[in-house]
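Please open the model in the viewer and keep the selection tool at hand.

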Amino acid sequence: MIFSKPNKKTYISVLTLLLVVITNSCKNNDDTPIVTDIQLNETELTMNVGDEVSLQVTTDTYDNAIIWRSSNENIATVNDQGLVTIMAGGTVAITATVDQAQAICIINSNPDVFIIQREVEDEIPVFWKNGEKTSMGNEIDKILNSIFVYKEDVYVTGEDWFSDGSGYLWKNGEVQNLPPSSGKINELKSFFKDDEGNEYMCAEIITDNNDKIPVYWANGVESLMETTPPSSILFTNGSIDIYGMYVGNGDVYIIGNQRVGSDENLATLWKNGIIQPFTGDVATFDFGSVHVKDGDVFVAGYARLSNTETVAKYWKNGTPVDLFSDTNPAFAEAISVADNGDVYVVGVQFLAGQAQAVYWKNEERILLHDGPRESSASDIFIFGDDIYITGYGPERNGDAYFAYWKNGTPVTIPSREFRGGSWSLFVR
């Protein structure tokens, strides 16, 4: 085979073609250069819920389109102009993309903290958000049971101060109509709304026959819960006390006590209205809180060993775990589990005959308050790496009244309208 030697013109043509290809690969279809590196006016920010910030690409984009994305729109949204709006507490990455280039701004958002106090006598009930109060309705003498926040809506459950009164649900400070029921809703205990917007409530109701029975609602549909014996317990001979509720994967978990007759107490966990088994004698237990994490069911409470001796415990899937408490009486009131599996329980222990607020982390006891006044801890909320605990006890500092603990440190509200302490909280 005979090969011909390329001439000079052939070399020039090939070189020209390569230059054209290389030049075109650095351009878009509209002949604008392809952007390979960009920068933002901010790379890290700390903001509060409700704040807005305008992010801008500070390098030349040659008028190429900027695509904005949020890593979690539940925490922050961003529009096509780079305007970021903080929706909830947490950490979020806002990414700008131009052609082959990306730039990221990390935003740490401080959460909103919502709290309620337990008893509101002779005053209109309120909830507090970051130290600012919102009045609820126009009636006085209420007992507040729980607070729940879903997106921008704040839900509070409660009841009348007097024992034969009615249950209440407030939404953003306005009294709501309660769902249809088989009896009078005497005490509305908890409200829960899942990510799909399904609403759940639980309560104690009194029927026309004066039976007091536990119920829950899913999207307004009532379900009667089992009792022991498996029939309604007469209000005159016994009582049902519902303490809390948690919804996980569509299953409704409710804890409480059934008091049969004058001296028998049956601590009870219901799942979708069905009583669940526990290891040990439930007649010696008292339950205070339920939490579900990765399919495991955690219940906080205590066991009565005698009339004067109680041991704080939590149960995981029905099996008890003792909490360290020396030999002093202790009571566990609420429980939550962190993403890393650490189990937190809050409650009260009597030290030198005086009640003091404590919490347990993986069974190890930690004092929240050891002052001259008695104190207590009643509720817990884990947000990221931070632990929020409600309670009562620490004295005010000037005009700053104790509201709750954050990571063991008291947080105050500087208002004479706030009388100190809290019962339930929600952080988002």
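Among contacts (heavy atoms within 4.5 Å) between residues at least 6 apart in sequence, 40% join residues at least 24 apart. This is a predicted model, in which local features need pLDDT of at least 70, side-chain atom pairs count only at pLDDT 80 or more, and totals for chains, interfaces and linings use all residues. Residues are numbered from 1 along each chain as its sequence is written, and side-chain values use heavy atoms, with hydrogens and water left out.

Next, select Ile115, Val156 and Ile254. Within the largest nonpolar core, which has 52 residues, these three touch the most other members. Such a core is a set of buried (under 20% relative accessible area, 1.4 Å probe, protein chains only) Ala, Val, Leu, Ile, Met, Phe, Trp, Tyr and Cys residues joined through side-chain atoms within 4.5 Å. Another core, of 23 residues, lies apart from it and includes Leu45 and Val84.

Trp128 counts as buried because its relative accessibility is 2%; for Phe418 the value is 0%.

Finally, select Arg118, which lies over the face of Trp423 at 4.6 Å from the ring centre (the criterion for Arg is CZ within 6 Å of the ring centre and within 35 degrees of the ring normal).

Methods: Buried means under 20% relative accessible area, exposed over 50%, partly exposed in between (1.4 Å probe, protein chains only).
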